Amino acid sequence: MIVPFLTLGACTTPGQESRPDVYDQSQVNTVQRGRAVQIISVSAARVNVDNSTNHDTARVVGGLLGAALGTGLAVGAGHAGWGGGLAAGAGGALGGTLVGGQIAGGHTLVSGVTIAYQDRAGGDVLLSTQVGKTCEYKPGTALLVSTGGNGTRVQPNAACPQR
């Protein structure tokens, strides 16, 4: 009974929507500017991403588990009725606060890369930090997609080793 609730909290992987190879529906079937760039270096980075969805889910699950535990303890002790309701409410509030805060915070760090690249030989060296793995990039030619404003997505130009 508890296992399905706990797996609910692990449904989403924060930051994956920020990968350079992920597009939202408004970007599909539309013209996007792209150009070939030269990757000079790739270094590991950590990206602080919003984890509020997992945090909220963990709070709900913690609240449900706390309420169930509070009710179970109250009934087991022979305090059904108002006492059981109070125990369930207190357990739910405590479980939502403690479990929700401990399992999933409002932000989390995910693996990222900082890519140094040049648009043209002898041009300025530019940087783009993205969610991804260092093994997905190597020095050499890569495709850069402009997403509007200052948004850039350097597409992976290498594959990580298969395990």
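**The nonpolar core and its strands**

Tutor: In this predicted model, the largest nonpolar core has nine residues in all, namely Val-37, Ile-39, Val-113, Ile-115, Tyr-117, Tyr-137, Ala-142, Leu-144 and Val-154.

Student: OK, and what does Val-154 touch?

Tutor: Not counting residues up to four places away in sequence, Val-154 touches Pro-20, Ile-39, Ile-115, Tyr-117, Ser-128, Gln-130, Tyr-137, Ala-142, Leu-143 and Leu-144.

Student: Switching to pairing, in what sense do E1 and E4 pair, parallel or antiparallel?

Tutor: E1 and E4 pair in the antiparallel sense, over seven bridges, and within E4 it is Gly-140 that stands opposite Ile-39, a residue that also belongs to the largest nonpolar core.

Student: And how many bridges are there between E4 and E5?

Tutor: There are four bridges between E4 and E5, again in the antiparallel sense, with Gly-148 standing opposite Gly-151 in E5. The two strands form a hairpin with two residues between them, and Gly-149, in the turn, has a positive phi of about 60 degrees.

Student: Staying with E5, is Arg-153 buried or exposed?

Tutor: Arg-153, whose place is in strand E5 (residues 151-154), counts as buried because its relative accessibility is 15%, and the cut-off for buried is under 20%.

Student: What lies 3.5 Å from a polar atom of the Arg-153 side chain?

Tutor: That is the backbone oxygen of Arg-19. Arg-19 is also among the residues in contact with Arg-153 once neighbours within four places in sequence are left aside, and the others are Pro-20, Val-22, Tyr-23, Gln-27, Gln-130, Leu-143, Leu-144, Val-145 and Thr-147.

Student: New topic: where does Ala-44 lie, and why does Ala-44 count as exposed?

Tutor: Ala-44 lies in strand E1 (residues 33-50), and Ala-44 counts as exposed because its relative accessibility is 66%, where exposed means over 50%.

Student: So which residues is Ala-44 in contact with, leaving aside neighbours within four places in sequence?

Tutor: With those neighbours left aside, Ala-44 is in contact with Gly-112 and Thr-134. As for Gly-132, which is 88 residues from Ala-44 along the chain, the C-alpha atoms of the two residues are separated by 9.0 Å.

Key:
Residues numbered from 1 in each chain as written. Predicted model: local features only at pLDDT ≥ 70, side-chain atom pairs only at ≥ 80, totals over all residues. Heavy atoms only, no water. Buried < 20%, exposed > 50% of the residue type's maximum accessible area, 1.4 Å probe, protein only. Polar contact = N/O pair within 3.5 Å; in protein donor to acceptor, adjacent residues only side chain to side chain. Contact = heavy atoms within 4.5 Å. Core = buried A, V, L, I, M, F, W, Y, C linked by side-chain atoms within 4.5 Å. Pairing = 2+ DSSP bridges.
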